[in-house]
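Let's take a walk through this protein together. Have the fold open in your viewer and follow along.

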Amino acid sequence: MPLDPTLHADDLRAWYGSMPVTSRYTVGPAGERFFRAMKDAARILGTRCGRCNLTYVPGRLFCERCFDELTDWTEVGPSGTIEAVTVVHLDLDGALLEPPVLMALVRLDGADTVLYHRLSGVDVADAKIGLRVEAAFRRLEDRTGSILDISHFRPAG
Ligand SMILES: [Zn+2]
């Protein structure tokens, strides 16, 4: 017997509680190189596919189009251009975010893919496609080897 699909988000229920679950995510060889460069040197690395003429960021081991192994690492950014932006008004629990948070897809200079990250230092009205931005890295002692080693993107210059 098939389950009835829920067509309206208001029909969903949520149970709140906690579960003692632990997990470990490994970033793999490409992620290791990408995150270590950000943590140790505030550098953003991609990998290039010469056959497809594409640079992927974060760097990855294989081209998603032609499946070639990617070994050509290249530095991109730290500046880039906003390709899309959205204003987030609620957190994951539905609580109002005040002020709202800007999130953007940033295509770093030299990259053909985008990073999804927080955008700060710009008014909502000025957060538009085409805006030039730059990565704002955390201080060296505060970096942990995660995408949050980039604190946010801010207007360039
Ligand atoms: Zn390719």
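Predicted model: local features only at pLDDT ≥ 70, side-chain atom pairs only at ≥ 80, totals over all residues.

Residues are numbered from 1 along each chain as its sequence is written.

The protein chain holds 1 helix and 8 strands, where helices (H or I, at least four residues) and strands (E, at least two) are DSSP runs numbered from the N terminus. Read from the N terminus, the order is α-β-β-β-β-β-β-β-β.

How much of the chain is buried? Of its 157 residues, 21% are, with buried meaning that 20 or more other C-beta atoms, placed from the backbone, lie within 10 Å of the residue's own. Along the principal axes, the C-alpha atoms fill a box of roughly 50 × 45 × 35 Å.

Now look at the open sheet, where 3 antiparallel strands are arranged as S2-S1-S3; strands pair if DSSP finds at least two bridges between them. At the edges are S2 (54-56) and S3 (72-76), each pairing on one side only. Strand S1 (residues 44-49) joins S3 in the antiparallel sense over 5 bridges, and there threonine 47 stands opposite tryptophan 73.

Finally, find helix H1 (residues 28-41), which lies across S1 and S3 and runs at about 140° to S1. Such angles run from 0 to 180 degrees between N-to-C directions, using axes fitted to C-alpha atoms, for helices over the stretch in contact, that is, with C-beta atoms, placed from the backbone, within 7 Å.

Note on methods
Buried ≥ 20, exposed ≤ 12 C-beta atoms within 10 Å, placed from the backbone. Contact = placed C-beta atoms within 7 Å.
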